[in-house]
Amino acid sequence: MKLTWRRGVRWLVRLGLVGIALTVIAGSVAWVIETRLQSRDERRYPPPGRLVNVGNHSMHIRCLGTGTPTVVLEAGVQFWSSQWYWVHRRVAEGTRVCAYDRSGLGWSEPGPGPYDGESMARELRALLGNATESGPYVLVGHSLGGMLVRIYYRLFPDEVAGLVLVDPGIPTEFLDPDEDLEATCGWRCSAARTLASLGIFRRTYAGIMTNPQYPAAVVPQTRALLGTPAATYAATRTLARVGRTSAQTMANDDLDAVPLVILRSQDFRLDEDVEEEILQRHRARRQRILAGMSEILDLSSRSRGPIVVEGSNHESLIMYDRHARIVSEEIDEMVRSIREGGASAKSRQP
C-alpha cells in the first residue's frame, strides 16, 4: 500500500512537470509566432508620418496642409493618429493639421512614463517643438484627449489658440477609480504586456471595426497595432493613472477667453426591457456628463455648444465619414474665427 502511494505521488509530480513543460513550449511557440507577425505588420504598415526624437524615445507625427493656426488632434485612450482619418484630411484642406501617436501607441516608441496627463502633455509639447511645428495651436481632443488638451492649456496657455472638445472625458467620472489600480499597475500592466506578446490581444481585436462606415484603410492597421505589447502596456498604464489625470484636468479651472467648442454624441437609447436599476444608472450618468460639459463651457467667455451630432455615438464622431464631416466643419469654423480675430458668440444648445 505504501509503495503504491509513493508511485502515485511520483506520477503526479511527473504529470505536473510535463504540464509545465508543455505550457512553456506552447508559450514559446506563441511568442515566436507573434514576434514574426509583428515584424510582418511593421513591413505592411510603415509609419505614414515622421518619427521625431523627444529625448528618450521617438514619437510619430503626421502633418498635412498649410496655413495657420496649426490644428493638433489628440485621440482617445487606446487610439492614435489613424483614428482621425476623415477629420485629418478634411481640415488639411484649409490649414496645417497634425495627428500624432502618444508613447507606445501606433508607431510611437514606448516612453518612460508615468503616462498621466501632465507627462503626456509635456511629451506632446516636445514633439511639436522638435518637429518644428509652430503654435499657437488649435487643440482638438476626443474622449480622454479632451482632458489632455485642457491640461496642455493649463501648462502652456500661450501656446493654445483654441480648443475643440469632441465627447470629452468628464474628469469627475474618473476621480474615484479602484484605489489598487495604480498601486498594482506594475505587475498588472506587465502581465497584460506579456499576454500581448503571446498574441492574446491580437486574436481579441481581430473582429473589431466590422461596420463598413469605418475608413477601409484604417481597419487592418488598427487590428494589427492595437494589441501589440507596447500598445497594451501604454493603454493599461494610462488607464491605471486616469484618476491622477482627472485631478490634473480639474486643476484647469479657468479657460479665460480662449475660443472653445464642444461637440457631443447623441444620447444612446437602452432596450425597453432593460432592468429599471440599470436604466436609472444610465440616466444619472448621462445627466452628470451633460452637467460636466456645461461646467467646461462656463470656464471660457468664448464658448459654444454642446453641439449634438445627430445619430452619432462616442466612436462614430470621428470614425464615420458623415459624423466626422460635422466635426471637421466646426474645427474649420474655429480656425476662421481665430484668423479673423473675432469672438465666438457664446451660445448653448440643449
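**Cysteines, salt bridges and a covered helix**

Me: What is the relative accessible area of Cys 98?

Reply: Cys 98 counts as buried; buried means under 20% relative accessible area, exposed over 50% and partly exposed in between (1.4 Å probe, protein chains only). This is a predicted model, in which local features need pLDDT of at least 70 and side-chain atom pairs count only at pLDDT 80 or more, while totals for chains, interfaces and linings use all residues. Residues are numbered from 1 along each chain as its sequence is written, and side-chain values use heavy atoms, with hydrogens and water left out. The relative accessible area of Cys 98 is 1%.

Me: Which residue does Cys 98 join in a disulfide?

Reply: A disulfide is a pair of cysteine sulfur atoms within 2.5 Å, and here the S to S distance is 2.1 Å. The pair links strand β2 to strand β4, 35 residues apart (strands are DSSP runs of E, at least two residues; helices are runs of H or I, at least four; both are numbered from the N terminus). The partner of Cys 98 is Cys 63.

Me: Which residue forms a salt bridge with Arg 304?

Reply: A salt bridge places a side-chain nitrogen of Lys or Arg within 4 Å of a carboxyl oxygen of Asp or Glu, and this pair meets at 2.6 Å, N to O. Arg 304 lies in strand β8 and its partner in helix α13, so the bridge ties together parts that are 26 residues apart in sequence. The partner is Glu 330.

Me: How many residues of helix α8 are buried?

Reply: Helix α8 spans residues 219-226 and is mostly covered. Val 219 and Leu 226 are among its buried residues.
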